[in-house]
Amino acid sequence: MGAANPEIPLTRPLVSPSIVTRLHALVVTVDHKKLGLMYISSALFFLVVAGLMASVIRLQLAVPNSNVVAPDTFNRLFTVHGTAMVFFVGMPIVAGLSNYLVPLMIGARDMAFPRLNAFGFWMFLFGAVLLYFSYIGAPGMSGHGSAPDVGWFAYAPLTGRAFSRGNSTDYWTLSLLVSGIGSLASATNVIATVFSMRCKGMTLMRMPLFVWMMVVVSGMMLVALPPLTAAQIMLLVDRYLGGNFFNTQAGGSAVLWQHFFWIFGHPEVYILMIPGFACASEIIPVFSRKPIFGYSAMVGATTMIAFVSMGVWAHHMFSVGMTSVGNTFFMVSTMMISVPTGIKIFNWLATMYGGKIRFELPMLCCLAFLFQFLIAGLTGIMLAAVPLDWQLTDSYFVVAHFHYVLIGGMLFCIFGGIYYWFPKATGRMLNRKLGLWHVALFFIGFHLTFDTMHIPGLLGMPRRIYTYDAGRGWNTLNLITSIGVIFQIAGIACLALNILISLRKGSKAGDDPWDAWTLEWATTSPPPEYNFETVPVVRSARPLWDLKHPEDPDWKYE
Amino acid sequence: MQFFIPNNCRLINKAWFIFFALGLSAAPVFADGPSGVTNIFKTYSTPARAIANYTILILAVCAVIFVIVTGLLFYTVARFRHRRGDDGREPAQVYGSNQIELAWTVIPILIVFVLSLVTARTIAEVQNAGPPSKALKVTVVGHQWWWEIRYPDLNIVTANELHVPVSETAQPRPSFLSLESADVAHSFWVPQLAGKTDVIPNRDNRMWIEPTTPGTYLGNCAEYCGTQHARMLIRVIVHPAGEFEKWAAAQQSDAGNDAQAKAGRDVFFSTSCVNCHTIKGTEARGKFGPDLTHLMSRQTLGSGAALNTPEEVRAWVRNPQSLKQGCYMPDMQLTDEEMDQLVRYLLTLN
């Protein structure tokens, strides 16, 4: 494939290639669409794996004093669940979507650095495998522990040699180091692609908002990931070369790790969330039949979120005993983020206002997203409110809040994105009936689980406890929370089934099933390896609108 | 008008559920005395009350925003849905409006400004309060997975249960806690008395409580600290006026030396128990585990792992790992006879 195989197959080969040939083609591919789909399918695979780990967690917590898993097993479950969901589900979904869509949307034939692109994917996959391999590899090497059990933010000094013997923490460190390099490669690539490979006429302010947001996210990765990498290296130095950065017994600082981790960790939340916004910003206009309201305000708001999100990290640390001035600073900066986020929500609402809203599956996901993200934002304000955060931080309220952001916000947008672009990537539509089952079941399950989960936090339930006593008022709430998981699993099963069935039997999609406006819909479904027969020329932010409505094109109003 | 699609009805139900649930948990169900349910809105101490009062304002602002924005969302979806028999023409293409953008930029900024001022005030009120001269000073040391509690002025060392006097309007007696850690990061959280403050090694943190109702208050370690993070519970026992002094006097005494328990005492002092535990008035001066001088005066064993009954004491010493898997107390491999003797001795430590 790629450079090694320049001729373009005009007809289907008579015999389909053997499985080995096809696997080989995947391993050596540098095609942005193949890599994008590989990113997305591995992410969905790890979503299922890490989701099942969460189900075991919820099984254990369904009733008080339960013994489904041992304490250490439980601690490993939530550590690996959190790490995998952030780094091996969220990050590759982002990379996959931007890989697949950015070149198509800007009228390019591939990413700027196709080989770097493949390198990034394989680094991510290697990191993910390394994390899960710790279940097998870590005990074999030293006789202590297996998977990491330090929590996904791995606070010092619990990760030091004195408290974490064996190699489990090293697996965690190395898997993040390795996949972080992959993410940096992918981010560099997106930026280079967008700034140097846009088709003729596509000025920055004519790019689809999706592309804008992916560039911003890539820029954020370049700034946010190095502190994490630095911290991981410092941790390795502490553990193996006698360093004392975080070794409190030798005068090191436990709080230093927290600063390093969260100066990565908070921008990371937006690195995961903004691609959700990116999907919503494409889907909502198309299904409202109106252009996005306030395009430049959306670009500005995204950029402002990116900048402000770099200065809010210590709101994860209001209880570590910072001075009141420090607490106040981070409270104000955190609350400021609600301003650009609010602008976005209002712009999406204004886009729908006056439109003709079609309730197709992608739009249903985005409507659920708008509702849920509003709630997630409001609980975010509660957590930014320092005195209230002293009660709520490290409680189940926080767990509910960030699952609301990442599932109710990001994942619903990603579902929308899957329904929206699946026809483009495969040439076939996803089944609507199964899709409705998926969205409905997942929606019910999500709300059963995560609406309920806020309340034990208000009743004093700390996070990361493997069990609790009866009589604290948490029993029923935890049971309902766990029951919701059943609906979520059923929903995801419908999605998986839908994808498998529709890949073979779905109705033909055609080039442009949604009557949309961006360039990816101008080529065939699935797009050929070279994306476009002739590189398109655009005159506005909605080139296909211009084609379809020559009497009233967008460029007249620019 | 036909009510639109069922999917959104479910949205409405959920919204009501959240507000109902929040309202339920905010209601002061019991007027007196704490229960096991550590509701952050049912407060019994000055800093917790300051937080709860401030929270009402935050919740009110959030509720108003929620109602307005969801109202807009539902209205828009219902009003501008694609209708049957539509003429198929595209709606008017509107690109934006700078005035409107300005409006929904400035209004949130004003809201943030007001919230910030109120928040800054409450932060200062809770965080910057200094100890009055009559304040009780306590040092709380977090260990994996128990709490060491020291009263430097009273020369008392105990574990897992913090005893403080009630603070009355006529005679305010707040308690100021110094938080230290012997190993990893923990967090001290008794929701009905104050917000949480982390307990971090190599760092001096402080917090204060001013309980106004006697009773037993429950709390947890709130920062993940390893295997038994879940079984690192806290109890705060608030004594009525005058009772705290009696408790303190009893705690200051040396351990009893009951002649009948001599056999068990010998077991204790001939095994490695003494390496980790202190019993005041004896040669046992270990620092790694909890002070056992007045063991039987405490309500629980293993930092809340079990109630402190003679049967549980025996079960605990027989095999600590069965009650608290992963804790650092080993099974001492005693014979049944030695166990009986040792437990008899431990039960005299009251």
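Modeller: A term to begin with: a crossing of helices is left-handed if the near helix is turned anticlockwise from the far one by less than a right angle, and right-handed if clockwise. This is a predicted model, in which local features need pLDDT of at least 70 and side-chain atom pairs count only at pLDDT 80 or more, while totals for chains, interfaces and linings use all residues. Residues are numbered from 1 along each chain as its sequence is written, and chains are lettered from A and ligands numbered from 1 in the order in which they are written.

Biologist: Is the crossing of H7(A) and H9(A) left-handed or right-handed?

Modeller: The crossing of H7(A) and H9(A) is left-handed. Helices here are DSSP runs of H or I with at least four residues, strands are E runs of at least two, and both are numbered from the N terminus.

Biologist: At what angle do the axes of H7 and H9 of chain A cross?

Modeller: At roughly 20°, and the axes come within 9 Å. Axes are lines fitted to C-alpha atoms, for helices over the stretch in contact, with angles from 0 to 180 degrees between N-to-C directions. H7(A) and H9(A) are therefore roughly parallel, the word for angles under 35 degrees.

Biologist: Which residues make the contact?

Modeller: A:Phe277, A:Ala280, A:Ile284, A:Pro285 and A:Ser288 come from H7(A), and A:Lys344, A:Trp348, A:Thr351 and A:Met352 from H9(A). Residues are in contact if their C-beta atoms, placed from the backbone, lie within 7 Å.

Biologist: New topic. How many residues of chain B are in contact with chain A?

Modeller: 82 residues of chain B, against 81 residues of chain A. H3(B) gives the most to chain B's side, with 16 residues.

Biologist: Where is there a cis peptide bond in chain B?

Modeller: Between B:Gln144 and B:Trp145, with omega about -5°. B:Trp145 is in the loop between strands S1 (136-143) and S2 (146-151) of chain B. Chain A has a cis bond joining A:Ala156 and A:Pro157, with omega also about -5°.

Biologist: What about B:Asn160, what is its phi?

Modeller: Near 65°, a positive value in a residue other than glycine. Most residues other than glycine have a negative phi. B:Asn160 sits in the loop between strands S3 (156-159) and S4 (161-165) of chain B.

Biologist: Is B:Asn160 buried or exposed?

Modeller: B:Asn160 is buried, because 21 other C-beta atoms lie within 10 Å. The cut-offs, for C-beta atoms placed from the backbone, are 20 or more others within 10 Å for buried, 12 or fewer for exposed, and in between for partly exposed. B:Asn202 also has phi near 65°, but B:Asn202 is partly exposed, with 16 other C-beta atoms within 10 Å.

Technical notes:
Contact = placed C-beta atoms within 7 Å. Parallel < 35°, antiparallel > 145°, perpendicular 65-115°, else oblique.
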